[in-house]
Amino acid sequence: MSTPVQAPAGQQPAESAGRRAIWLSIAALAMTFMLPLAGLVMAVFALVAGIRALPLLKSAGKPTGVASGGIAVAMAALLLSAGATSMQVYLMDENSAYQECMKGAGTVRAQGECFVQFREAAEKKLPPDVLELLGAARP
């Protein structure tokens with residue numbers, strides 16, 4: 001027979017659930033900018049943790065602000081990472097060609113030409129509004 005898990009001394013399960021949700025959502029947001037696919041997975045975990053924390057906090061009579069904030073940040077991370085991941089998948093061929101070009105580019109000028117080629121290939125595939133929104137950021 002198993003024994004129930006006890007919360008650490010001084011820490012209630014409802015309070016730790018709210019903090020877990022906000023920390024996971026902050027980690028998801030950070031991961032989104034480094035590895036968008038990992039940020040997507042982490043954002044889903046954070047969203048689930050926040051949704052599970054809400055009833056725990058309400059039943060314990062605690063404020064739900066931390067869990068709600070975790071849900072909001074997780075949703076933002078989810079949208080950003082989903083957009084970045086879908087953009088990476090959509091431009092996979094162009095990005096692969098850019099990476100191959102950069103391997104052979106021995107000078108700064110050659111690297112610039114690789115970027116110009118990538119930008120022209122992306123312009124053919126993407127609507128003009130998207131490129132204006134993204135600006136002149138290098139991949």
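Close-up 1. Arg109 is exposed, with a relative accessible area of 67%, where exposed stands for over 50% relative accessible area, buried for under 20% and partly exposed for values in between, computed with a 1.4 Å probe on protein chains only. The model shown here is predicted, so that local features need pLDDT of at least 70 and side-chain atom pairs count only at pLDDT 80 or more, whereas totals for chains, interfaces and linings use all residues. Residues are numbered from 1 along each chain as its sequence is written, and side-chain values use heavy atoms, with hydrogens and water left out. The side chain of Arg109 meets that of Glu113 in a salt bridge at 3.7 Å, N to O, a salt bridge being a side-chain nitrogen of Lys or Arg within 4 Å of a carboxyl oxygen of Asp or Glu. Glu113 is partly exposed, with a relative accessible area of 43%, and both residues lie in helix H5, four residues apart, about one turn of the helix. Helices are DSSP runs (H or I, at least four residues), as strands are (E, at least two), numbered from the N terminus.

**Close-up 2. Lys103 and Glu100 in helix H4.** The structure holds five salt bridges, and one of them joins the side chains of Lys103 and Glu100 at 3.3 Å, N to O. These residues are three apart within helix H4, about one turn of the helix, and Lys103 is exposed, with a relative accessible area of 65%.

**Close-up 3. The disulfide of Cys101 and Cys114.** The structure holds one disulfide, a term that denotes a pair of cysteine sulfur atoms within 2.5 Å; here the sulfur atoms of Cys101 and Cys114 are 1.9 Å apart. The link of Cys101 and Cys114 is left-handed, with -80° about the S-S bond. Because Cys101 lies in helix H4 (residues 92-104) and Cys114 in helix H5 (residues 108-125), the pair ties together parts that are 13 residues apart in sequence. Cys101 is partly exposed, with a relative accessible area of 23%, whereas Cys114 is buried, at 2%.

**Close-up 4. The packing of helices H1 and H3.** Helix H1 (residues 13-34) packs with helix H3 (residues 65-90) at an angle of about 20°, their axes lying 8 Å apart; axes are lines fitted to C-alpha atoms, for helices over the stretch in contact, and angles run from 0 to 180 degrees between N-to-C directions. H1 and H3 are therefore roughly parallel to each other, the term for angles under 35 degrees, with over 145 counted as roughly antiparallel, 65 to 115 as roughly perpendicular and the rest as oblique. Residues making the contact include Gly18, Ala21 and Leu29 of H1 and Gly69, Gly70 and Leu80 of H3, contact meaning heavy atoms within 4.5 Å.

Close-up 5. Leu80 counts as partly exposed at 44% relative accessibility and, not counting residues up to four places away in sequence, touches Leu29, Thr32 and Phe33. The C-alpha atoms of Leu80 and Pro36 are separated by 8.1 Å, although these residues are 44 apart along the chain.
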